[in-house]
Amino acid sequence: MDEQEERALVLGALGARTARGVGVRLASRWFRWDIIERRLEVAGDLDVVRERAAQALEKLGVRVEAPEGDIAAIVGAGVAKLNPALVTLRFGPAATGGRTTVTVRGVAAEGLIKQHAGRRALDQVAEQLKPGT
């Protein structure tokens, strides 16, 4: 998923797909974007970690279509979790056995007041990926 597709999903969650969304599309020209990516090593086999991540995203937000092997969702973040953020997870084997590398990417639009919604959404998902949560 490229950056333009990510932004379109976030704008869609803000309401840009509706007739009233004309204002959102116009205002989006001046949006700043909070984009953050973090690589985590999670204990567990690739399939087990992928399943745990899918359950976490379903609990935190609404799943959206992602490239094969990835998982993505729109997650509420920011103040009162009203700012939608797109969180995408990519999986791969880690260098050490019995672990999985998960690349977590958070993308959110920022208004005049910075809420760091992309970072907050990423932190929510990363917390859920820890064993025992």
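Residues 24 or more positions apart account for 57% of the contacts (heavy atoms within 4.5 Å) with a separation of 6 or more in this predicted protein model. Of its 133 residues, 45% count as buried, that is, under 20% relative accessible area with a 1.4 Å probe and protein chains only.

The secondary structure comprises four helices and five strands, taken as DSSP runs of at least four residues (H or I) and at least two (E), respectively, and numbered from the N terminus. The five strands form an open sheet in the order S1-S5-S4-S3-S2, with antiparallel pairing; a pair requires at least two DSSP bridges. Strands S1 (32-43) and S2 (61-64) stand at the edges with a single partner strand each, so one side of each has no neighbour in the sheet. Further inside the order, S4 (residues 83-93) pairs with S5 over nine antiparallel bridges, and Leu86 has Val107 in S5 as its bridge partner. Helix H4 (residues 117-129) packs on this sheet, where it touches S1, S3 (71-77), S4 and S5.

Thr103 is buried, at 11% relative accessible area. Beyond its neighbours within four places in sequence, Thr103 contacts Glu37, Arg38, Arg39, Thr88, Leu89 and Arg90. Arg39 lies 64 residues from Thr103 in sequence, yet their C-alpha atoms are 4.4 Å apart.

Residues are numbered from 1 along each chain as its sequence is written, and side-chain values use heavy atoms, without hydrogens or water. As the model is predicted, local features need pLDDT of at least 70 and side-chain atom pairs 80 or more, while totals for chains, interfaces and linings use all residues.

Terms used
Buried < 20%, exposed > 50% of the residue type's maximum accessible area, 1.4 Å probe, protein only. Axes fitted to C-alpha atoms, helices over the stretch in contact; angles between N-to-C directions.
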